[in-house]
Amino acid sequence: MSDPRSVRLADSSQGAAAEARGRKAAADASAPDTQLAIEVRTLVANGDLEAARERFAGLVSAHQRRAVRIAYQYLRDAAEADEAVQDAFVKVFGHISSYREAWPFEVWFTRILINGCLDRRKARARRDRWFVASEEATGLDEARYAGSVAPDNDPEARILARERRARLASAISRLDGRQRLVFTLCHFGDRTPREVSAITGLNESTVRVHLFRAARKLRGLLGGKS
Amino acid sequence: MIGRVRHLQEDRLFDCYTAAQAGELPDPRSAAHIADCTECRARYDELVQFMDGLRQEADEDTAAVFTPETLRAQQQHIMRRIEHLGHPARVLSFPGRVVRRHFAPAAGRIAPRWTAAAAAAGLVIGVGVGVVFDSRNRVAAPGPLAMTISRTARPAAPVVSVAVEAPVADDDAFLSEIETVLGGPHNQELLPFDALTPRVQELLAGLR
């Protein structure tokens, strides 16, 4: 007899599912980061900026890695992703008084981050239209990547890793704008379709359709079944 | 009669995967089918493997570029920027005296007037001298057009000096001069370009 839960519990996604449940709990309005954001807002309202900044550092620590992953996978440029994440956190602190706990902090923050990333993509598209594309950014990323890899790392493995990265980047860049956004948020940002719906303003079923199409296209492009 | 097995569509499989990732219950019928059907189970496992591999690759990629040191530096940048949020931006005072000296309407009028007068005088003198020299040349010039090749300065590159006299009466003479120059030994390399240039006569013939 088959148990409907068996799919979730019995395979390699078991760990991911547990992680996802944790994420879901974290996205609740009573989640620690949401409570922390409310505290920061209160401190700012009371004029205690020093304490507010101290608390805000906790929020930065909690969300920085995920934010960087989303921004980097979406923009595919380390410098731009770095700036986008910084801008998002600064903007969040600057507008913390407008934060309402009806939104989980994660959703509010991700929305701000994604808006910044979208603006940057638009600006890049404009630059690419009028100016010759620079190799500087790519070179910088490569340099950062090479610098982060241990010096005794196998050169062949390094080349293969670079090729894999290039293939993945190329495949993601070939996704339609909304598909790329939804896929990045869901898969690299660990957001559920419902949360992505809240972040993007898209209907949840639309998010699911975009997500499925993005995954199908990526499987086709990267050698999996389409 | 054996009933035909209907396997799950890709989107149904993907829904199961998404539900698992979100910590939600998958569709019971789909989940039951995956559990019972070996083929669909294999397809589902393959999908999970692909998607997890994709995430792992992206994680490694990001972690390689954004190392713990980079993230620490970024956090420090953020905190520094936040510290300066409340402070008004530093404004450099524009030097007011300089502004007055340059833009005040009454000050320093004498020098611009003198400069304008000198410029006007120079213009008048220049035009006058030009007219005088022009009239002398008209008297001295032998023909309507002179085109000479001088080899004194640069023997390798012929210098063509053209003195145009007004009125240009004889167009045929002008064109023949050009042909003579083109026929010279140092202009042979220009002939292919000349051959490519369409002739008016040919164009007119084509129109007719």
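**Exercise 1. Aromatic pairs.** How many aromatic pairs does the structure hold over all chains, and how are the rings of A:Phe105 and A:Phe109 arranged?

*Solution.* Step 1: over all chains, this predicted model holds 11 aromatic pairs, where rings of Phe, Tyr and Trp (its six-membered ring) pair if their centres lie within 6.5 Å. Step 2: a pair of aromatic rings is described by the distance of the centres and the angle of the planes. Step 3: the ring centres of A:Phe105 and A:Phe109 are 6.1 Å apart and the planes lie at 15 degrees, so this pair is stacked, given that planes under 30 degrees apart count as stacked, over 60 as edge-to-face and the rest as tilted. Step 4: A:Phe105 and A:Phe109 are 4 residues apart in helix 6 (residues 105-130) of chain A, and are therefore separated by about one helical turn; helices here are DSSP runs (H or I, at least four residues), numbered from the N terminus. Step 5: both A:Phe105 and A:Phe109 are buried, which stands for under 20% relative accessible area, with exposed over 50% and partly exposed in between (1.4 Å probe, protein chains only).

Two notes on reading the model belong here. Residues are numbered from 1 along each chain as its sequence is written, and chains are lettered from A and ligands numbered from 1 in the order in which they are written. Because this is a predicted model, local features need pLDDT of at least 70 and side-chain atom pairs count only at pLDDT 80 or more, while totals for chains, interfaces and linings use all residues, and side-chain values use heavy atoms, with hydrogens and water left out.

**Exercise 2. Two helices.** At what angle do the axes of helix 9 and helix 11 of chain A cross?

*Solution.* Step 1: the axes of helix 9 (residues 177-188) and helix 11 (residues 204-221) of chain A come within 8 Å and cross at roughly 95 degrees; axes are lines fitted to C-alpha atoms, for helices over the stretch in contact, and angles run from 0 to 180 degrees between N-to-C directions. Step 2: helix 9 and helix 11 of chain A are therefore roughly perpendicular to each other, since angles under 35 degrees count as roughly parallel, over 145 as roughly antiparallel, 65 to 115 as roughly perpendicular and the rest as oblique.

**Exercise 3. A residue in helix 10.** Is A:Val196 buried or exposed?

*Solution.* Step 1: A:Val196 lies in helix 10 (residues 193-200) of chain A. Step 2: A:Val196 has 0% relative accessibility and so counts as buried. Step 3: leaving aside residues up to four places away in sequence, A:Val196 touches residues including A:Val182 and A:Val207, contact meaning heavy atoms within 4.5 Å.
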